[in-house]
Amino acid sequence: MGKTYSDFMQEISGEELYDRLVQYGLFSEKLPPVFDGASFLAFCKSPERSNFADKWYDYVGYDSMRNINTPRAIGIPTPMGHERLCNCLKENWGEIQEHFRNTTANQKHIVSRIHIRKMRDTEALFQMNYKNWRVDGAPIPDIALGKRFMVSADISQCFPSIYTHVLPWALVGKTFAKQNSSKGDEWFNQIDHWAQRSKNGETHGILIGPHTSSVLSEIILCRIDEKLCEKWEYIRNIDDFCCYVKTREEADAFLVALNSCLKKYGLALNHKKTEILELPISIGDQWIHQIQSHALYFEKFHPYVDYREIQAFLDFCIELMAQNRENASILLYALKLLQGYTLTNSAKQYLTKTVMSLALIYPYIVPLLDQYVFEPCAVSQADVETYANLIYRTYLPKNYFEACSYALFYAAKYDAKIFPLDQDLEIDRKPALDQDPASDRNQAFDCKSIVEKNDCILSLMALIYCRKRKDKDALKELRDHAKQLKENGELEQQWPFVYECLTVGNLADDWKKMKQKNVSFLKAEYRS
């Protein structure tokens, strides 16, 4: 084997770990791409700054739609709690690196396929589904050789089920950890302490989203790998296990061993997603190969993909979705594949309209539109405006706040307007020559509907949108809402919106200090 799991960890210094987790690891990649932690990192590293308080820090909850159209609860910790946890990991990084080295020393291949690492395309240390086969290797063909069964299993509610006190158990052993649980200054107890502090003092569960959670979960899961690797050959993608065995009896035995290891750390198998499959089967999902096969003749007879070809391709993908429990990942894979081809204008138009129609059925698709449709297909500003309004009015009544947040993001990015829900999108939007557009109350942004939803990210995107539109009335309504949240003690639960909305005079403590230093968690183009 070439590079080991430990090699990846040794490449990261404690200072690099801190810098990259603070700047890039606070916000999940599932959020609208408006966030930037550079000024916060600069503030944290300023010599005159005093340490953030040792207290419970609340967090923001945010539902992100999964490919199977069920929501996943992700979290955004407060920046102060996040920084204290990052600093704790930095201060104890040497011990954590030693833990990773010891727990993975007996691995014949890199078992954990998704983990923190230095990457070529980003300064972040974690990216979901990142793969680099040149350095990671491709172990499945080797471990599947001579085997007859594959066991697929995952952990039930992995991150929400992690008990923070288990972190010391995994790091130094359960007995030793319990014997020294009262020694708060011990390095392993400090990790437990700040993991709790960054999640409002809760000992049950770590947040899905911040990159620190990827470090904490690996501390436990690598300990489970250490035991299982003594006998079993498998790979793990975060909490998904794929093991290859010779007999059905061995398959059952692996599940028993896995379940036993999980129980030691307060985790459990997800029996609904556990299955034993007889080989041979394709290594990847069958639909991946089907899509690849369908695209084999693209650009073989002419240097472009035309209208008829894209129509047949998308029809095929829609059929695949119907055959695979409405799995919207199929469309995502198809859109990624199309990025490598040149589409005619008519093909781009068909792709845009078809994907938009699907986005109004599958909210999972809405966040994909900019990267895979609007930009590559050069969708006009007028069409983006229409599509953003369709998304907004489709999903706001359903309380699908993620989709609505992206509708506002698209409107802000493309200088489009969100119209009142009861207004016909086909009306002539050009005002009379002697009419002031700002005086047309029928076209005013309905900020009240946003405020009533009381969702942090939706409110933040409304703030960004209204700033772009210079909508003074709506901005005042949003400021009043932010002030009320602060007075109600809900600042930390909605801090990205409240902090970005309020001025220095309305803030206190560390929030005020950051504001005085012009710290913003938004990219420059979305700050005003």
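Predicted model: local features only at pLDDT ≥ 70, side-chain atom pairs only at ≥ 80, totals over all residues.
1. Helices α19 and α20. Helix α19 covers residues 381-395 and helix α20 covers residues 401-413; their axes come within 8 Å and cross at roughly 160°. An angle over 145 degrees counts as roughly antiparallel, so α19 is roughly antiparallel to α20. The crossing of α19 past α20 is left-handed.

2. Residues between α19 and α20. On the α19 side the contact is made by Val-384, Ala-388, Ile-391, Tyr-392 and Tyr-395. Helix α20 contributes Ala-403, Cys-404, Ala-407, Leu-408 and Tyr-410. By class, the residues of this contact are ten nonpolar, no polar and no charged.

3. Helices α4 and α5. Helix α4 (residues 79-91) packs with α5 at an angle of about 70°, and the two axes are 5 Å apart. Because angles from 65 to 115 degrees count as roughly perpendicular, α4 is described as roughly perpendicular to α5. The contact is made by Leu-89, Lys-90 and Glu-91 of α4 together with Trp-93, Glu-95 and Ile-96 of α5. Its residues divide into three nonpolar, no polar and three charged. For the α19 and α20 contact, the corresponding division was ten nonpolar, no polar and no charged.

4. Thr-104. Helix α5 spans residues 93-104, and Thr-104 belongs to this helix. The relative accessible area of Thr-104 is 9%, and under 20% counts as buried, so Thr-104 is a buried residue. A polar atom of the Thr-104 side chain lies 2.6 Å from the backbone oxygen of Phe-100. Setting aside neighbours within four places in sequence, Thr-104 is in contact with Tyr-5, Ser-6 and Cys-222.

5. Ile-291. This residue lies in helix α14, which runs over residues 286-294. Ile-291 is buried, with a relative accessible area of 0%. Not counting residues up to four places away in sequence, Ile-291 touches Phe-313, Phe-316, Cys-317, Leu-320, Ile-330, Tyr-333 and Leu-337. One of these residues is Phe-313; Ile-291 and Phe-313 are 22 residues apart along the chain, and their C-alpha atoms are separated by 8.3 Å.

6. Leu-279 and Pro-280 are joined by a cis peptide bond, with omega about 5°. Pro-280 sits in the loop between β6 (275-278) and α14.

7. Glu-326. Although Glu-326 is not a glycine, its phi is positive, at about 60°. The residue is placed in the loop between α15 (307-323) and α16 (329-338). Its relative accessibility is 32%, so Glu-326 counts as partly exposed.

8. Lys-470. Here too phi is positive, at about 55°, and the residue is not a glycine. Lys-470 occurs in the loop between α22 (456-469) and α23 (472-487). With a relative accessible area of 68%, Lys-470 is exposed. Most residues other than glycine have a negative phi.

Notes. Residues numbered from 1 in each chain as written. Heavy atoms only, no water. Helix = DSSP H or I, 4+ residues; strand = E, 2+ residues; numbered from the N terminus. Buried < 20%, exposed > 50% of the residue type's maximum accessible area, 1.4 Å probe, protein only. Polar contact = N/O pair within 3.5 Å; in protein donor to acceptor, adjacent residues only side chain to side chain. Contact = heavy atoms within 4.5 Å. Axes fitted to C-alpha atoms, helices over the stretch in contact; angles between N-to-C directions. Parallel < 35°, antiparallel > 145°, perpendicular 65-115°, else oblique. Left-handed = near helix turned anticlockwise from the far one by under 90°. Nonpolar A, V, L, I, M, F, W, Y, C, P; charged D, E, K, R; others polar.
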